[in-house]
Amino acid sequence: MNTLSYKTVSANKNTVNKEWIVVDAEGEILGRLASEIAKVIRGKHKPTFTPHVDCGDNVIVINADKIKLTGNKLGDKVYVRYTGYPGGQRFVSPKELMAKHPERIIEKAVRGMLPKNRLGRQLFKNLFVYAGSEHKHEAQNPKPVKF
């Protein structure tokens, strides 16, 4: 067996082939969709995956306002944040968040599935979420993907 023909490919910023994909969130379950999006943003679906490099694709999510949550999560789940001041802990339910900013529910779910470091913050910039069916990335010729 010729062992010289098997080389480990380590991608870097210059050799990565990034694509644009568009995902329709209408009728999809939040966690299942978010895990697939996180996998694509991270690049784990590619054979040239390198853990320390941004080798994933850019993902556009449309119809974020039509996402589904199973069970009683719409009213029972709580997103917690802290303002930094004493007594500044704030709580919001997905129902309240859907009324004001429906795209933030998908963003929060995907962000929680990415690494908690500099690479994760860089990867999160590859996600674009829109509440309606229109987006401003037509020039990139995104291809539609169904998970």
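Residue N58 is found in strand β2 of this predicted model. Is N58 buried or exposed? With a relative accessible area of 8%, N58 counts as buried, because buried means under 20%. Leaving aside residues up to four places away in sequence, N58 touches K18, E19, W20, I21 and N126.

Strand β2, residues 58–62, is also part of what covers the buried residues of helix α1. Helix α1 runs over residues 30–42, which makes 13 residues. From its first C-alpha to its last, α1 reaches 18 Å, close to the 18 Å expected at 1.5 Å a residue. Just after α1 comes G43, which takes a positive phi of about 95°.

Which residues of α1 are buried? They are L30, L33, A34, I37, A38, V40, I41 and R42. The cover over these buried residues includes strands β1 (20–24), β2, β3 and β5 (127–129), together with helices α4 and α5 (118–124).

G31 also lies in helix α1. Its relative accessibility is 37%, and therefore G31 counts as partly exposed. G31 and A109 are 78 residues apart along the chain, while their C-alpha atoms are separated by 6.9 Å.

An α-helix has 3.6 residues a turn, so residues three or four places apart point the same way.

The last topic is empty space. Rolling a probe the size of a water molecule over the atoms shows where such space is left. In this model, the largest pocket holds about 200 Å³ of space. Which elements give two or more residues to the lining of the largest pocket? They are strands β3 (79–82) and β4 (89–92) and helices α3 (94–100) and α4 (103–111). The lining residues are Y79, V80, R81, R90, F91, V92, E96, L97, K100, H101, R104 and K108. By type, the lining divides into 5 nonpolar, 1 polar and 6 charged residues.

Conventions
Residues are numbered from 1 along each chain as its sequence is written. This is a predicted model: local features need pLDDT of at least 70, side-chain atom pairs count only at pLDDT 80 or more; totals for chains, interfaces and linings use all residues. Side-chain values use heavy atoms; hydrogens and water are left out. On a 1 Å grid over the protein atoms alone, a cavity is a set of points where a 1.4 Å probe fits but cannot get out, and a pocket is an open set with protein on both sides within 12 Å along at least five of seven lines; lining residues have an atom within 4 Å of a point. Grid points are joined across faces, edges and corners, and a volume is the space filled by probe spheres set on the points. Helices (H or I, at least four residues) and strands (E, at least two) are DSSP runs, numbered from the N terminus. Ala, Val, Leu, Ile, Met, Phe, Trp, Tyr, Cys and Pro count as nonpolar, Asp, Glu, Lys and Arg as charged, and the others, Gly among them, as polar. The expected span of a helix is 1.5 Å times one less than its number of residues. Buried means under 20% relative accessible area, exposed over 50%, partly exposed in between (1.4 Å probe, protein chains only). Contact means heavy atoms within 4.5 Å.
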